[in-house]
Protein chains: 2
Amino acid sequence: MTGPEKTEARKSKILEAATKIFSEKGFQDATISEIAKAAGASDAFVYEYFSTKENLLFSIPREHMQKLFENIEFHLKLIRGAVNKLHATLYMQLIYYSEHPEFTAVLLLILKHNRKFINTDAHKEIRDYLKIVDRCLKEGVESGEIYADIDPYYLRATLIGSLEHIVINWLLRGKPENLMDAFEPMFEVCLKLIQKKPETPNCPLLSQKNVEQEP
Amino acid sequence: MTGPEKTEARKSKILEAATKIFSEKGFQDATISEIAKAAGASDAFVYEYFSTKENLLFSIPREHMQKLFENIEFHLKLIRGAVNKLHATLYMQLIYYSEHPEFTAVLLLILKHNRKFINTDAHKEIRDYLKIVDRCLKEGVESGEIYADIDPYYLRATLIGSLEHIVINWLLRGKPENLMDAFEPMFEVCLKLIQKKPETPNCPLLSQKNVEQEP
DNA sequence: ACTAAATAATAAATGTTATTCAATTATTAT
DNA sequence: ATAATAATTGAATAACATTTATTATTTAGT
């Protein structure tokens, strides 16, 4: 392994060690010494690549999100229908989470609620992912597959909010069962929410708001 | 103000200062000195009431959650119908969040994703609140108001997940609009999700699963 | 192959901040 | 008023992120 390659490998190794230790102990209780040791480097060497402990934390998602993003974009080209695309997108997201639980813990338990991180370049990849969901919803509304009478912002909030809530609970409970078991029931709930019933001319209640709610 | 009263008042003052400063800077960047100064006390005095900085953080929600819990329990006695009760419960939660944005930031941005906090006594009050939601859902399923064919866990995950997602986004975007503006559209989405359509004997599609999804 | 420059790597030094402790002031009870 | 107790704090300690100065290693020119 030559110079720059070795360097890249070492950098990756630090990022991996950081992911593992941050996910286990949280940002607070993880120390640079511990991470450096796990990566086989000295404390000071960590600072060659990452200006601060926080910058090290913020550097974790980039590569993951890019990989997930590209993977989803590739598969979506092969899928017809907005609801099917949405299904595939959320499924791939959940698969990725379930296969990378340490990264997921860092992302959902530490980063996603961090104001500083949100205003970082590194957060761009996460917004790119959300744009895919928005695109699917838009396509579905235009094609008539998905309800048009709800602000798409609330649709997306419900989809992403439910999914992340379930993943976060899974993480906090110590990942007892296979995360993928939750996917179909959850997506079924979401379908109820977003998907128009097929046209039924003799049954007008189906295609309009029809439920009165006493005040 | 006599001894023990003064003490309680000072303790509250520290908690308030901590809430404010934690919500502004995050746990990381807030210092005990800063909190002590804001509360008009010395650094060492903070440790009279709170054993560690983390314990101070964990002590913030108790009183808030108790107040919210009692308030909801009181009002629910006056309301008939599971969906109405759910509406009122989520509404009161959102009102509380919107009226106590600093506490809400501490709760939703710092505490809710903290493994140590989850295993703390202080977290009990939060579980009590969730039990109210569960009770409403159960009542609704039993009375036929709410779909019985979905695991209630996913219903609750969707309700709470959506609501918190919206509140977290509101916090992270700097609380630009009135949070309550989001409530009715959000609850409408949730109703689509949970509420059975009224019985329509001549329209069997309404009361059963009827949507085929191509594979 | 040899050396100068550049780069990689680290040990030790520094500064900040949570936490503890010993000392001081205020309050209460007798 | 005085002893006893509680409240309060300034100063000491320790852990840890970050910097600096120094040493080892690689690279490129001859």
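A polar contact is a pair of N or O atoms within 3.5 Å; within protein, one must be able to donate a hydrogen and the other to accept it, and residues adjacent in sequence count only if both atoms are side-chain atoms. The model is predicted: local features need pLDDT of at least 70 and side-chain atom pairs pLDDT 80 or more, whereas totals for chains, interfaces and linings use all residues. Residues are numbered from 1 along each chain as its sequence is written, chains are lettered from A and ligands numbered from 1 in the order in which they are written, and side-chain values use heavy atoms, with hydrogens and water left out.

DNA strand C is surrounded by 15 residues, of which the closest are Arg10(A), Phe45(A), Ile32(B), Tyr47(B) and Lys53(B); a residue is near a strand if one of its heavy atoms lies within 4 Å of it. Of the atoms of DNA strand C that come within 4 Å of the protein, 68% belong to sugar and phosphate.

Phosphate oxygens of DNA strand C take part in several polar contacts. The side chain of Arg10(A) places an N or O atom 2.9 Å from a phosphate oxygen, and for the side chain of Ser42(A) the distance is 3.1 Å. Ile32(B) instead uses a polar backbone atom, 3.1 Å from a phosphate oxygen.

Elsewhere, Ser162(B) is buried, with a relative accessible area of 0% (buried means under 20%, exposed over 50%, partly exposed in between, with a 1.4 Å probe and protein chains only).
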